[in-house]
Amino acid sequence: VTLTGSSSSLGRAYVVDHAADTVTYLVAETGAYAFGSPTPNLSDSSFYTCDSPGTNACWTEGVAVNTNAGIVYVTVGGTDRVVYFDAETGDYAFDTLADSSFVTGDYPKGIAVNPGANIVYVGNEADGTVTFFNATTGAYFFGDLATSTFATGPGPQRVAVNCAENLVYTTNAGDSTLTILDGLTGAPINGTVPLSSFGTGGSP
């Protein structure tokens with residue numbers, strides 16, 4: 001398990017399993033499995049994030065939830081994809097895994113969503129970037145992968161967003177920094193990535 005996202009309005013918590021390549025839906029108030037008959041169980045409450053789960057080919061990493069749109073987003077590092085799920089049912093958001101999976105940069109890991117701006121931010125660990133996606137359709141926010149992807153510090157691990165100020169933050173293990181970008185344009189807040197990156201301790 002790497003990350004948990006929760007949705008109080010849906011009464012769900014979402015947990016990704018790095019080895020099994022699933023996202024599991026839990027009852028937020030109790031931690032019980034969300035689905036299964038006659039008894040809710042792990043198998044019925046878990047949904048695959050790739051075509052070859054548990055084969056060392058996928059490596060499910062991060063999760064975020066958009067309560068406005070009712071969508072859960074999961075990053076899959078080994079396939080360079082972000083997958084959109086229905087936040088209530090666990091179904092793929094666009095019917096199939098293939099149609100609900102969108103190409104990211106190299107080895108996506110951290111993820112965050114700004115529901116008001118309708119943007120999902122995916123941190124790509126291996127190429128030191130963050131990619132902006134349309135939060136409801138999965139389309140690249142600025143038309144294609146290249147123009148929707150922006151430099152961060154090296155090795156971004158986690159992504160967070162300040163929705164009120166429209167700022168995106170990435171923690172970068174490669175140089176122990178925090179990078180801050182404009183959440184609407186992708187521009188570094190101080191003009192360049194070095195000037196917009198701030199030292200942290202250890203390996204954030």
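The link between Cys50 and Cys58 is right-handed, with 95° about the S-S bond. It's a disulfide, meaning a pair of cysteine sulfur atoms within 2.5 Å, and here the S to S distance is 1.9 Å. The structure holds 1 disulfide.

Keep in mind that this is a predicted model, where local features need pLDDT of at least 70, side-chain atom pairs count only at pLDDT 80 or more, and totals for chains, interfaces and linings use all residues. Residues are numbered from 1 along each chain as its sequence is written, and side-chain values use heavy atoms, with hydrogens and water left out.

| Cysteine | Relative accessible area | Class |
|---|---|---|
| Cys50 | 6% | buried |
| Cys58 | 2% | buried |
| Cys163 | 37% | partly exposed |

Now for the strands. Helices (H or I, at least four residues) and strands (E, at least two) are DSSP runs, numbered from the N terminus. Two strands pair if DSSP finds at least two bridges between them. E6 and E7 pair antiparallel over 6 bridges, and Thr75 stands opposite Val82 in E7.

Next, the greasy parts. A nonpolar core is a set of buried Ala, Val, Leu, Ile, Met, Phe, Trp, Tyr and Cys residues joined through side-chain atoms within 4.5 Å. The largest one has 17 residues, and those touching the most other members are Tyr14, Val23, Tyr25, Val63, Val72, Val74 and Phe85. Strands E2 (12–17), E3 (22–27), E5 (60–66), E6 (71–76) and E7 (81–86) each supply at least two residues of this core, with the largest share, 3 residues, coming from E6. Apart from this core lies another, of 12 residues, including Val82, Phe102, Val120 and Phe133.

Conventions: Buried < 20%, exposed > 50% of the residue type's maximum accessible area, 1.4 Å probe, protein only.
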